[in-house]
Amino acid sequence: MRFNSKIKTIQWIDNYSRIIDQTIIPYEFKYLDITSGDEMVNAIKTMIVRGAPAIGIAGAHAIVLYAQELEKTYTDLNEFAQELIKKADYVNEARPTAVNLMWAVKKQKEVINNGVNNNLSIHELINNLKENGIKLENEDVEINKKIGDYGAEIVPKGATILTHCNAGALATVGYGTALGVVRSAYANDNTIQVFADETRPRQQGARLTTFELVTDGIPVTLITDGMCSYFMKQGKIDLVITGADRIAANGDSANKIGTYTVAIAAKYHNVPFYIAAPLSTIDTSIKTGDEIVIEERSHEEVTHINGKNICIDGVNIINPGFDVTPHELIAGIITEKGILRPDYKTSIAEAFA
Ligand code: MRU
């Protein structure tokens, strides 16, 4: 099986979840069938599945997998539900920054609580969890297509779009958010092109974004993270579009480390900087980006390239996985309900009304 943007990155099949292993792209393209809750939590932690919307669905599937396991031990609905809620809390903590994980876990918890309140059988409750997981999965693709179509309206003819990290089909169930905009824009105008930041340290731009776009036949040029201002100064970038992992009620947006630097460079060079994200990425419970927990990842991601240590022993390392772009640097947030504009406190509140 080869990648194309119509393939689902994550899909529920009968009683297991099928995911694309993102750690081996572009060398190999392979599915993994995940049959236990622990396996799925591990896949989220080790970034076999990654990207905010994709890990949300992975979290929803993990809860179904745990439910199937607990069904073998528990016959009492209340005891079953209590244990499952503990597992859901564990899933919730697999990664801290992308709020889509917490959002999807909350949706599955609602199904568990409804099941208890309606005194369903354990079997019926598990079926409802499965159905909800599949519903969230299918909705994700529909939402991304809407984001793509709204976003395509702000892409000028023949534009060069810079993106950071991977916010494509691989970061979602399918189609992508930032790359969803690229796909929709390209369908209208095949003279547009993409510049993709390599995205150190995990190189999602180099490994995944270029993989998706080259496979789709959309022109893409790979640059290293420090090069964006060089090309902006030359007038080579018309707009920036990235995804997001969590957006606060005032529009401050967390995304892959390095996004903030791109947004500052864009402001300086008068290049509009957009975020493309579903409403499930917006965390209206937090007022500003200061409240977003930034994941600290392993030092080896920085010291090692392709398994080889590139540094002298003894050097200090720090590796935050995300940064927060302040709302005043963001020209618009492209969602399935249209493009939200400043003042974000108002436009976000209206989108949720
Ligand atoms: O650490 P990752 O690879 O999960 O981080 C992903 C990103 O930062 C993406 O840009 C973001 O989740 C948007 S995905 C549509």
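Predicted model: local features only at pLDDT ≥ 70, side-chain atom pairs only at ≥ 80, totals over all residues.
Along the principal axes, the C-alpha atoms of the chain fill a box of roughly 65 × 50 × 40 Å. The radius of gyration of the protein chain is 20 Å, which agrees with the value near 20 Å that a compact globule of 353 residues would have. Of these 353 residues, 56% are buried. Among the contacts with a separation of 6 or more, 75% are accounted for by residues 24 or more positions apart in the chain.

The arrangement of helix 2 and helix 5 was examined next. Helix 2 spans residues 52-70 and helix 5 spans residues 122-152. The axes of the two helices come within 9 Å and cross at roughly 165 degrees. Because angles over 145 degrees count as roughly antiparallel, helix 2 and helix 5 are therefore roughly antiparallel to each other. The crossing in which helix 2 passes helix 5 is left-handed.

On the side of helix 2, the contact involves Pro53, Ile57, Ala60, His61, Ile63, Val64, Ala67 and Gln68. These residues meet Ile126, Leu129, Lys130, Gly133, Leu136, Glu137 and Asp140 in helix 5. By residue class, the contact of helix 2 with helix 5 divides into 9 nonpolar, 3 polar and 3 charged residues.

Technical notes. Residues numbered from 1 in each chain as written. Heavy atoms only, no water. Axes fitted to C-alpha atoms, helices over the stretch in contact; angles between N-to-C directions. Helix = DSSP H or I, 4+ residues; strand = E, 2+ residues; numbered from the N terminus. Parallel < 35°, antiparallel > 145°, perpendicular 65-115°, else oblique. Left-handed = near helix turned anticlockwise from the far one by under 90°. Contact = heavy atoms within 4.5 Å. Nonpolar A, V, L, I, M, F, W, Y, C, P; charged D, E, K, R; others polar. Rg over C-alpha atoms; globule rule 2.2 N^0.38 Å. Buried < 20%, exposed > 50% of the residue type's maximum accessible area, 1.4 Å probe, protein only.
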